[in-house]
Amino acid sequence: MISPTKNTQLQKRLVVAVIATNAIVGRAELRGVEMAASRMGWTLETIDPAQTGPDLTPFAPLLDRADGVIARENDILDRLCGLVRPETSVVVIDTWHERANARVACDIGKVAEIAAEELMALRRRCYVFVPMPRARRWTAKRGEAFVSRIRAAGHEARCYEPQTEWGWAKERDALAKWLSTLPRPLAAFAGNDFLAKFTLDACRDAGLEVPRDVAILGADDDETLCLSSTPTLSSIRVDFEGAGRLAAERLAALMGKPPPKRVEIVRYGTLGVARRGSTRSGDPGTNSRMAAGLDFIAAHSYNPLLGVRDIAAAMGTGRRQAERLFRSTGKSIRQCVEDTRMEQVCLLLKTTSMPLRAIAEECGFSSRPYLSRVFKKRFGKTPGEWRHNNA
């Protein structure tokens, strides 16, 4: 981690981040860059190609003055690199360019390994990977690593082969027919959350129940997409914010120095798995109501006024029956709510520099002191001590 410096020249450095924010990936990476830039005292300017379009000519004066550039948009890299000075340090995220001095890339093998372990724990008869219909290098690598890990464990694994390049409706129909031919119950790892939703819709077309017949796991943890699906989608939390921080830290090490002889590659990983309805196995009836309750808790745990009656209503039962269903799992409804909130608290403590008061508000605790008391009772440490040991 790069510490702030008293060097006024470093503090005045101008860094330009060229990152599209129309997807969760770009927004999270930009947050990471902004946090690091603030810590290092940089002047940070941003260019959002999703808003401005691919023409960077209007930004030529800004790019010509930049001491460093962070970019992730592959289709504009040629134009971008043509507008910066030869001595300007360039770091790219999840892409490649010969002009780049360093590259920050996702540890695709780690994502696939986590997906395989998560789904194998469900003990399904068959495991499949659903890639992007349009050829993408990242989705192919993710699928290869997933299938390899499953087969190494002695299980059957298959990769869906897209039938049409652009026709999503026809592709969904083809995927539905393919899934219906496979041994059940099965588990599907989709290349990202959009593909997980696509797989969920294909299962519905094929008359396959999720998660009883097909358990589905996505990646990237786009909460808006995952929580708006029925059932809600489980997803691997990829550390995109960490990617942005890593890119900024590599840039700090490069600026003002001769370019390295080799392009340095730094990899970022994951933050665990967000488990939701699409991988909660069980039969219909009681377990489906439990799944509805757990999904409701996941979607509303940020609300400090969330109560047992709200959760019971979402389950379609009375309060007493809801409590009995939850106690059959060994936990009360309130314990499940607290577990969900604490998981998010730990994630924010570990991966962000948010103050505890903001974390308490974000995670559904009525106040910072109350969160501190609950946290220390559970972990034997204050949130500050836990963050120091785990950040």
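This briefing walks through a helix pair and a handful of loop residues. The model is a predicted one. Its helices α2 (residues 24-40) and α11 (residues 240-254) have axes that come within 6 Å of each other, and two peptide bonds to look up are the cis links from Val 210 to Pro 211 and from Thr 230 to Pro 231.

**Helices α2 and α11**
- The two axes cross at roughly 40°, so α2 and α11 are oblique to each other.
- This crossing of α2 and α11 is right-handed.
- On the α2 side, the contact residues include Val 25, Ala 28, Val 33 and Met 35, while those in α11 include Phe 240, Ala 243, Ala 248 and Ala 252.
- The contact of α2 with α11 is made up of ten nonpolar, two polar and six charged residues.

**Cis peptide bonds**
- Omega is about 10° for the bond joining Val 210 and Pro 211, and Pro 211 sits in the loop between α9 and β9.
- For the bond from Thr 230 to Pro 231, omega is near -5°; Pro 231 belongs to the loop between α10 and β10.

**Positive phi values**
- Arg 123, in the loop between α6 and β6, has phi near 60° and is exposed, with a relative accessible area of 74%.
- Asp 220, in the loop between β9 and α10, has phi near 105°; its relative accessibility is 15%, under the 20% limit, so Asp 220 counts as buried.

**Thr 57**
- You will find Thr 57 in the loop between α3 and α4, where Thr 57 is exposed at 54% relative accessible area.
- Its side chain makes a polar contact with the side chain of Asp 55 (2.7 Å).
- The C-alpha atoms of Thr 57 and Leu 83 are 8.1 Å apart, although 26 residues separate the two along the chain.

How values were computed:
Residues are numbered from 1 along each chain as its sequence is written. This is a predicted model: local features need pLDDT of at least 70, side-chain atom pairs count only at pLDDT 80 or more; totals for chains, interfaces and linings use all residues. Side-chain values use heavy atoms; hydrogens and water are left out. Axes are lines fitted to C-alpha atoms, for helices over the stretch in contact, and angles run from 0 to 180 degrees between N-to-C directions. Helices (H or I, at least four residues) and strands (E, at least two) are DSSP runs, numbered from the N terminus. Angles under 35 degrees count as roughly parallel, over 145 as roughly antiparallel, 65 to 115 as roughly perpendicular and the rest as oblique. A crossing is left-handed if the near helix is turned anticlockwise from the far one by less than a right angle, and right-handed if clockwise. Contact means heavy atoms within 4.5 Å. Ala, Val, Leu, Ile, Met, Phe, Trp, Tyr, Cys and Pro count as nonpolar, Asp, Glu, Lys and Arg as charged, and the others, Gly among them, as polar. Buried means under 20% relative accessible area, exposed over 50%, partly exposed in between (1.4 Å probe, protein chains only). A polar contact is a pair of N or O atoms within 3.5 Å; within protein, one must be able to donate a hydrogen and the other to accept it, and residues adjacent in sequence count only if both atoms are side-chain atoms.
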